[in-house]
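Below is a short briefing on one protein chain, arranged by topic. The sequence and model come first.

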Amino acid sequence: TTAGHIQEFACFTDYDKELVCHWKVPEKMNCSKEFLLWYRKEDSSVSNICVPENEKNSLNCTCTIYEDLFVSSLTYILALQFNGTDTWNYNVTPALVVKPRAPKNLAIEKAGNGNFNLSWEESCSPSSLLSGQPVIYEVKYWRKQHPTEVSVKAINYQAKSFEITASSLKRGYDYVASLRCNYTDYPAYWSEWSEEVEFHCDYQMTAEDVLRMVVPTSCILIMAGAIMCYFCFTK
């Protein structure tokens, strides 16, 4: 902390257009009036100003630095001023604090086999350094009526879709699904969870599903009957 005014200063970037820095402040502090964030590139003597804003529903000040293009070796020199006085100096290399945007255009549709196909798109632009880079995803889904019972599946390969098997769901319930991503060469942060999609499971049991249930059950009953007959015979 610095004179009790700055806590938890940190930065992250979508590695596309924005570098966001934020820090925690006391309640009711006006960020745009109290602070200024000066920044410059390490190889430049030209400084620029970012005027912070109060983050909604939190005690954070947030400053967003916009760039047309990030370079992998780029480092920023930051100087935070509080009421005109330098109170915090910080160096940040965007490549080390990448927090990708959440996947977009999440959609789900029922397949012919009764399963549900979840599909999405990457949010980074073609000019981003993340475009085409190895990426992993996490899918989570849950019954809408039971949000604490969440299933999470990791997708450790390049994909833009995932199949949720209907037999793993409970028939007659509404479900909600969401997705997040992380780039393996820039693993500092996972993205936020994407927008949610809802779907209804009206799965009908197939003959194959019935056999999967009946055969093991029949085997158990036959074994139990054989054991009972054996004990009755010996008695």
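Leaving aside residues up to four places away in sequence, Y15 touches F70, V71, S72, P94, A95, V98, S128, L129, L130 and Y186; contact means heavy atoms within 4.5 Å. Y15 sits in the loop between β1 and β2. The model is predicted, so local features need pLDDT of at least 70 and side-chain atom pairs count only at pLDDT 80 or more, while totals for chains, interfaces and linings use all residues. Residues are numbered from 1 along each chain as its sequence is written, and side-chain values use heavy atoms, with hydrogens and water left out.

**Y15 and its turn**
- Y15 counts as buried because its relative accessible area is 1%; buried means under 20% relative accessible area, exposed over 50%, and partly exposed in between, with a 1.4 Å probe and protein chains only.
- β1 and β2 form a hairpin with four residues between them, and Y15 in the turn has a positive phi of about 60°.
- From C-alpha to C-alpha, Y15 and S131 are 9.9 Å apart in space, with a separation of 116 residues in sequence.

**The sheet**
- The chain has two helices and 15 strands; these are DSSP runs numbered from the N terminus, helices being H or I of at least four residues and strands E of at least two.
- Four of the strands make an open sheet in the order β1-β2-β6-β5, with antiparallel pairing; two strands pair if DSSP finds at least two bridges between them.
- The edge strands, each pairing on one side only, are β1 (7-13) and β5 (53-54).
- Strands of a sheet pair through backbone hydrogen bonds, either parallel or antiparallel.
- β1 and β2 are joined by five bridges, and C11 has C21 in β2 as its bridge partner.
- β2 and β6 are joined by seven bridges, with E18 opposite Y66 in β6.
- β5 and β6 (residues 60-66) pair over two bridges, and C61 in β6 is the bridge partner of N54.

**S125**
- S125 lies in the loop between β10 (116-121) and β11 (135-143).
- S125 is classed as buried because its relative accessibility is 19%.
- The side chains of S125 and D16 are joined by a polar contact of 2.8 Å; such a contact is a pair of N or O atoms within 3.5 Å, where within protein one must be able to donate a hydrogen and the other to accept it, and residues adjacent in sequence count only if both atoms are side-chain atoms.
- Not counting residues up to four places away in sequence, S125 touches D16 and S131.

**Pocket and cavity**
- The largest pocket holds about 160 Å³ of space. On a 1 Å grid over the protein atoms alone, a pocket is an open set of points with protein on both sides within 12 Å along at least five of seven lines, a cavity is a set where a 1.4 Å probe fits but cannot get out, and lining residues have an atom within 4 Å of a point.
- The lining of the largest pocket includes F12, T13, E18 and V20, and β1 and β2 (18-24) each supply at least two of its residues.
- One cavity of 30 Å³ or more is found in the whole structure, and the largest cavity has about 40 Å³ of space; a volume is the space filled by probe spheres set on the points, which are joined across faces, edges and corners.
- Among the residues lining the largest cavity are D14, D16, S128 and L130.
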